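Subject: Handover of a structure and notes on its architecture

Dear colleague,

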Amino acid sequence: MTHQARISSPDPYGRTFQMDVQTLEAIAARLEARKQHPLFLRAIDDYMDALALAGPEAILDLGCGTGVAARVIARRPEVAGPITAVDVSGDLVARGRHAAEAEGLGGRIDFRVGDAHGLAAFADAAFDVVVMHTLISHVAEPATVLAEARRLLRPGGRLVVFDGDYASTTFATDAPDGGAATDRIVQEALIAHPRVMRAMPRLLVEAGFALRWSRGWLAMDIGQADVTAPGLPSLRVLLPRTGAMTQSEADAYVDGLERASAENRFFGGYALYACIATRGVG
């Protein structure tokens with residue numbers, strides 16, 4: 001059976017179960033910063049609006065990290081059913097549980113540790129909705145995770161896959177190539193499957209889902225860093241941890257990007273996509 005420990009990429013987001021405290025702090029800070037940005041909140045609102053929940057549907061936030069999506073979803077007035085949030089990192093689950101309690105949502109979300117490739121603790125057809133919010137690009141085997149989501153959904157249940165097309169990630173630099181080389185370094189170091197959302201329509205069909213809805217957003221900053229700004233400090237930690245850059249190289253890289261933002265000459269970002277698909281009866 002496939003487990004997240006079999007991930008072959010250096011992707012630190014896919015290796016949170018084995019990362020040191022400093023790396024987990026950097027990852028958690030980036031995840032939590034997304035909860036404060038209108039673009040990410042709008043994306044959650046968009047796919048939740050499209051789901052149009054109308055009853056006590058049971059929701060699973062699979063690969064929840066610090067529970068950002070689960071906490072936003074729990075505050076929506078139409079969400080009346082139980083919410084379960086699962087992540088492979090016990091550290092991030094503990095942070096999510098603490099954050100939910102601090103926000104008065106401790107009784108709304110059941111946080112658990114588990115591997116998205118196989119959740120034996122849950123019975124077949126246990127959920128009405130499975131949400132994968134920035135999970136699928138970081139797993140060992142996307143197809144296996146989609147198959148597990150199908151098992152966990154009741155017939156007619158719905159899957160939400162929201163993630164970045166990280167192959168589109170770009171940060172302009174003052175290098176002669178404009179940043180092309182460092183773009184490749186960042187993509188290969190931090191994302192196990194940077195092109196997976198381009199394959200999602202095919203992967204959903206192969207996993208026994210019917211695609212019903214999709215939408216895209218552009219997380220792009222021109223002049224000054226905004227939506228990408230919270231992620232820049234994390235690069236000082238994550239790029240050296242993966243061996244993609246030395247500490248001095250990572251610091252110089254981020255210094256250049258932050259300087260460009262301060263001087264109103266920044267250019268950087270990536271595309272985001274969401275798909276909602278229905279589980280077939282068979």
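This is a predicted model: local features need pLDDT of at least 70, side-chain atom pairs count only at pLDDT 80 or more; totals for chains, interfaces and linings use all residues.

Two strands are taken to pair when DSSP finds at least two bridges between them.

Strand E5 (residues 153-171) pairs with E7 in the antiparallel sense, over ten bridges. Within this pairing, Asp165 has Ala271 of E7 as its bridge partner, and Phe171 stands opposite Gly268 in E7. E6 and E7 also run antiparallel, joined by 14 bridges; here Gly223 has Phe266 of E7 as its bridge partner. E7 is mostly covered, with twelve of its 14 residues buried.

I turn next to helix H4 (residues 90-102). Its 13 residues reach 18 Å from the first C-alpha to the last, close to the 18 Å expected at 1.5 Å a residue. Which residues of H4 are buried? They are Leu92, Val93, Gly96, Ala99 and Ala100. Because these residues cover an arc of only 125° around the axis, they lie on the same side of H4. They pack against helix H1 (21-34), helix H3 (68-74), strand E2 (83-87) and E3. The face of H4 turned away from this buried side carries the exposed residues His98 and Ala102. After H4 comes Gly104, with a positive phi near 75°.

Helix H6 (residues 180-190) has the buried residues Thr182, Asp183, Val186, Gln187, Ala189 and Leu190. These pack against E5, helix H8 (232-242) and helix H9.

As to the nonpolar cores, the largest has 58 residues, of which Tyr47, Leu239 and Tyr253 touch the most other members. Helix H2 (residues 38-51) gives the most to this core, contributing seven residues. Which residues does Leu239 contact, leaving aside its neighbours within four places in sequence? The contacts of Leu239 are Val186, Ala189, Leu190, Ala244, Met245, Ala250 and Tyr253. Among these, Val186, Ala189 and Leu190 are also buried residues of H6. A second, separate core has 30 residues, including Leu60, Val145, Val196 and Ala207.

Finally, a note on one residue of helix H9 (residues 247-262), namely Arg259. Is Arg259 buried, partly exposed or exposed? With a relative accessible area of 41%, Arg259 is partly exposed, since that class lies between the limits of under 20% for buried and over 50% for exposed. The C-alpha atoms of Arg259 and Gln224 are separated by 9.6 Å, although the two residues are 35 residues apart along the chain.

With kind regards

Key: Residues are numbered from 1 along each chain as its sequence is written. Side-chain values use heavy atoms; hydrogens and water are left out. A nonpolar core is a set of buried Ala, Val, Leu, Ile, Met, Phe, Trp, Tyr and Cys residues joined through side-chain atoms within 4.5 Å. Buried means under 20% relative accessible area, exposed over 50%, partly exposed in between (1.4 Å probe, protein chains only). Helices (H or I, at least four residues) and strands (E, at least two) are DSSP runs, numbered from the N terminus. Contact means heavy atoms within 4.5 Å. The expected span of a helix is 1.5 Å times one less than its number of residues. The arc is that of the directions from the helix axis to the C-beta atoms.
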